[in-house]
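Reader: I would like to learn how to read a helix and its surroundings from a model. Where do we start?

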Amino acid sequence: LAMIAASELGSENPEKAADDVLCRLSENREMLAEYYNITISDTGTIDSLPMVVRDYSPDYDKLPLFLYNAANTVNWEDEQQFFKTFTNVLVTLYVLEPPLSDDPQNTKDDYRLVVEHRILPSMKGSSFWAPGSILVENALVQLVDLPDLYRIFERC
């Protein structure tokens, strides 16, 4: 998989790049297993990936790029930087991208069903905590809160 990513990214020597990826991830497999539940066997195969959202699997077409980026863009030396950079790489694997406009209708319906029945229910309740920077950047706007609704509708 790493060789596929290396060749797609235009590496001059995809075999060496794949060996580097295998070496880097094998060296750090205990840390990946402990913190992210990513288990890598002694032979270099991926045995498990974390379940970020129940009943949702990532797009496995992104797995080669994930492995390549995990080995080459993650700061493995500094613990705080490791968590930040590896989480960013992991997000690129799990992000759900909308289908292109020329995709067939059933792909759009599958996307809508995944968002409606997998992603949004996982965000309800206390399991989703948006960072404060989302509110500051106006990416998310609070329309109303429950106490305000009670005050408005108790008059009715």
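Predicted model: local features only at pLDDT ≥ 70, side-chain atom pairs only at ≥ 80, totals over all residues.

Reader: Which residues of α5 are buried?

Author: Buried means under 20% relative accessible area. In α5 that applies to Phe82, Thr85, Phe86, Val89, Leu90, Leu93 and Tyr94.

Reader: What covers the buried residues of α5?

Author: The cover includes α3 (29-36) and α4 (63-72).

Reader: How many residues does the largest nonpolar core have, and which have the most contacts inside it?

Author: A nonpolar core joins buried nonpolar residues through side-chain atoms within 4.5 Å. The largest one here has 27 residues, and those with the most contacts inside it are Leu25, Leu32, Ile38, Phe66, Phe86 and Leu90. At least two residues of this core come from each of α1 (2-8), α2 (14-27), α3, α4 and α5.

Reader: Take Leu25. Which residues does Leu25 touch?

Author: Leaving out residues up to four places away in sequence, Leu25 touches Leu32, Ile40, Leu67, Ala70, Ala71 and Trp76.

Reader: What does the secondary structure of the whole chain come to?

Author: There are eight helices and two strands, in the order α-α-α-β-β-α-α-α-α-α along the sequence.

Reader: And how much of the chain counts as buried?

Author: Of its 156 residues, 23%. As for contacts with a separation of 6 or more, residues 24 or more positions apart account for 48% of them.

Terms used: Residues numbered from 1 in each chain as written. Heavy atoms only, no water. Buried < 20%, exposed > 50% of the residue type's maximum accessible area, 1.4 Å probe, protein only. Helix = DSSP H or I, 4+ residues; strand = E, 2+ residues; numbered from the N terminus. Contact = heavy atoms within 4.5 Å.
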